[in-house]
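Here's a quick briefing to read with the structure open beside you. Take a look at the fold first, then work through the points below.

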Amino acid sequence: MTVLTKETRRLKRRRRVRAKVSGTATRPRISVFRSNRGLSAQLIDDLSGRTLAAVHWYEPELRKLASVDRTKRSGELLAERAKAAGVSEVVFDRGGYRYHGHVRAFAEAIREAGITV
């Protein structure tokens, strides 16, 4: 019998979600990666295999903020960059993480910034 670690269970969930969620040029996918130190996200067009915009927790503007404020500001920044790339609708890929805490705060910040998720 195989013992499933937390990480392998998350990757299993991630693959299951990715089988159903795909991004296009008009409606790209927001892919979220959460670590113990912060959150990173990318806006991806899966059809052409291009990253349209990205945000990382270690950017100078975000690094000095508190944890939850950093997550919310990351969502706002990604929304600004998405609008600059001409995107108004996205598909949210939570990356196998539960939709609560930082992942939820990030998604809500994107919605408040005017992007349809």
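In which sense do β1 and β2 pair, and over how many bridges? They pair in the antiparallel sense, over six bridges. Keep in mind that this is a predicted model.

- Four strands make up an open sheet, and reading across it you get the order β3-β2-β1-β4, with mixed pairing.
- On the edges sit β3 and β4, each of which pairs on one side only.
- Neighbouring strands are turned by 25 degrees against each other on average, if you ignore direction.
- As background, strands of a sheet pair through backbone hydrogen bonds, and they can do so parallel or antiparallel.

**Around β1**

- β1 and β2 form a hairpin, with four residues between them.
- β1 also pairs with β4: these two run parallel and are joined by three bridges.

- α4 covers residues 102–112, and its buried residues are Val-103, Ala-105, Phe-106, Ala-107, Ala-109 and Ile-110.
- Those buried residues pack against β1 (29–34), β2 (39–45), β3 (50–55) and β4 (91–93), and also against the helix α3 (67–84).
- Just after α4 comes Gly-114, which takes a positive phi of about 105 degrees.

**α3 meets α4**

- A pair of packed helices is described by the angle between their axes and the distance between those axes.
- For α3 and α4, the angle is about 40 degrees and the axes are 8 Å apart.
- The crossing of α3 and α4 is right-handed.
- On the α3 side, the residues in contact are Ser-67, Val-68, Thr-71, Lys-72, Ser-74, Gly-75, Glu-76, Leu-78 and Ala-79.
- On the α4 side, they are His-102, Ala-105, Phe-106, Ala-109 and Ile-110.
- Sorted by class, this contact of α3 with α4 has seven nonpolar, five polar and two charged residues.

Terms used
Residues are numbered from 1 along each chain as its sequence is written. This is a predicted model: local features need pLDDT of at least 70, side-chain atom pairs count only at pLDDT 80 or more; totals for chains, interfaces and linings use all residues. Side-chain values use heavy atoms; hydrogens and water are left out. Buried means under 20% relative accessible area, exposed over 50%, partly exposed in between (1.4 Å probe, protein chains only). Contact means heavy atoms within 4.5 Å. Two strands pair if DSSP finds at least two bridges between them. Axes are lines fitted to C-alpha atoms, for helices over the stretch in contact, and angles run from 0 to 180 degrees between N-to-C directions. A crossing is left-handed if the near helix is turned anticlockwise from the far one by less than a right angle, and right-handed if clockwise. Ala, Val, Leu, Ile, Met, Phe, Trp, Tyr, Cys and Pro count as nonpolar, Asp, Glu, Lys and Arg as charged, and the others, Gly among them, as polar.
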